[in-house]
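Have a look at the model first, then read on.

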Amino acid sequence: MKQKRNCELDLFIMQADGKKIVDPSKQNSLCSRIQMELVRPLRVALVSRGPDRELLVANPVELSGKGRPLVFYDITLALKMLDTDIFSAEIGRHMLGDREWEVYRVLLDEGDGSTVPKNRIEEAVWKMLMGWD
């Protein structure tokens, strides 16, 4: 571990036949995919839907078909801590390219007129999902 949030990791991957991956293009492709997954393991965005705002959280599904547990709980907890109400929510699975994603759509209830800034909501949900709060 380095500086609480950084760590080094050695990863050993074999081909189906049990041999090392020696092709440089396959190694580079694998490294860039792993790097992308580590930097942005999930997506969080708050978008306008006319007069309403909708929070979208996309979480990749593992190859085993299982999604990450407690995502909806973490989202609602972060929103509760910001005193932001939920009008409706839904969860669906979608294929994008070769990946399956769980997509959480949360329509925020802004009936009282008070609105938390977009970046504050996105950051709070991101940190809660990453376990940083």
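## The β3–β4 hairpin

Gly-97 takes a positive phi near 65 degrees in the hairpin of β3 and β4, where two residues sit between the strands. Strand β3 covers residues 85–96 and pairs with β4 in the antiparallel sense, over 11 bridges. Pairing here calls for at least two DSSP bridges between two strands. Within that pairing, Ser-88 has Leu-107 of β4 as its bridge partner. Strands are DSSP runs of E with at least two residues, helices are runs of H or I with at least four, and both are numbered from the N terminus.

A word on what you're looking at: this is a predicted model, in which local features need pLDDT of at least 70 and side-chain atom pairs count only at pLDDT 80 or more, while totals for chains, interfaces and linings use all residues. Residues are numbered from 1 along each chain as its sequence is written, and side-chain values use heavy atoms, leaving out hydrogens and water.

Asp-109 belongs to strand β4, residues 99–109. Asp-109 counts as partly exposed because its relative accessibility is 33%, partly exposed being the range between buried (under 20%) and exposed (over 50%), with a 1.4 Å probe and protein chains only.

## Salt bridges

How many salt bridges does a search of the whole structure find? It finds seven, each being a side-chain nitrogen of Lys or Arg within 4 Å of a carboxyl oxygen of Asp or Glu. One of them links Asp-74 to Arg-68 at 3.1 Å, N to O. Asp-74 is buried at 10% relative accessibility, whereas Arg-68 is partly exposed at 27%.

Another joins Glu-54 and Arg-49, with the closest N and O atoms 2.7 Å apart. Glu-54 is buried, at 5% relative accessible area, while Arg-49 is partly exposed at 41%.

Lys-127 and Glu-123 both sit in helix α3 (residues 118–130), four residues apart, or about one turn of the helix. Their salt bridge has its closest N and O atoms 3.0 Å apart. Lys-127 is partly exposed at 26% relative accessible area, and Glu-123 is partly exposed at 43%. Elsewhere, salt bridges that share partners tie Arg-49, Glu-54, Glu-90 and Arg-105 into one network.
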